[in-house]
Amino acid sequence: MRGADRGTSLLAVGEWIADAPPHVLERLGVRADPVLPRRLVPSEATVRRLLARIDGDALDLRHNARDARRPLALLGLA
């Protein structure tokens with residue numbers, strides 16, 4: 001993420017987290033609030049630190065490799 005894209009992308013991530021259904025947040029390990037009926041979503045600072053640690057090139061390679069195998073798996077060839 002560079003320049004103006006960074007703000008828009010982080011805003012989009014924050015909106016996605018806020019709108020994610022409870023079962024998705026649970027699957028991602030987001031804890032339930034012990035007092036209120038809601039989930040404790042990560043702060044903006046936490047999301048920034050996480051995104052700063054991700055190797056975008058490695059993520060792209062893994063994602064593309066998985067997508068390349070998907071049609072083969074559907075045909076029972078992978």
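Val 13, Trp 16, Ile 17, Leu 25, Leu 28, Val 30, Pro 42, Thr 46, Val 47, Leu 50 and Leu 51 line the second largest pocket of this predicted model. Two elements each give two or more residues to that lining: α1 (3-19) and α3 (44-53). The largest share, 4 residues, comes from α3. A pocket here is an open set of points on a 1 Å grid over the protein atoms alone, where a 1.4 Å probe fits, with protein on both sides within 12 Å along at least five of seven lines; lining residues have an atom within 4 Å of a point.

The volume of the second largest pocket is about 220 Å³. Volume is the space filled by probe spheres set on the points, which are joined across faces, edges and corners. By class, the lining has 10 nonpolar residues, 1 polar residue and no charged residues. Ala, Val, Leu, Ile, Met, Phe, Trp, Tyr, Cys and Pro count as nonpolar, Asp, Glu, Lys and Arg as charged, and the others, Gly among them, as polar.

The protein chain has 4 helices and 0 strands. Helices (H or I, at least four residues) and strands (E, at least two) are DSSP runs, numbered from the N terminus. Of the 78 residues in the chain, 9% are buried.

Asp 33 counts as buried because its relative accessibility is 13%. Arg 39, at 22%, is partly exposed. Buried means under 20% relative accessible area, exposed over 50%, partly exposed in between (1.4 Å probe, protein chains only).

| Side chain | Backbone atom | Distance |
|---|---|---|
| Asp 33 | nitrogen of Val 35 | 2.7 Å |
| Asp 33 | nitrogen of Leu 36 | 3.1 Å |
| Arg 39 | oxygen of Val 30 | 2.9 Å |

Leaving aside neighbours within four places in sequence, Arg 39 is in contact with Pro 22, Leu 25, Glu 26, Val 30, Arg 31, Ala 32 and Asp 33. Contact means heavy atoms within 4.5 Å. Arg 39 and Leu 25 are 14 residues apart in sequence and 7.7 Å apart in space, C-alpha to C-alpha.

Residues are numbered from 1 along each chain as its sequence is written, and side-chain values use heavy atoms, without hydrogens and water. In this predicted model, local features need pLDDT of at least 70 and side-chain atom pairs count only at pLDDT 80 or more, while totals for chains, interfaces and linings use all residues.

Notes
A polar contact is a pair of N or O atoms within 3.5 Å; within protein, one must be able to donate a hydrogen and the other to accept it, and residues adjacent in sequence count only if both atoms are side-chain atoms.
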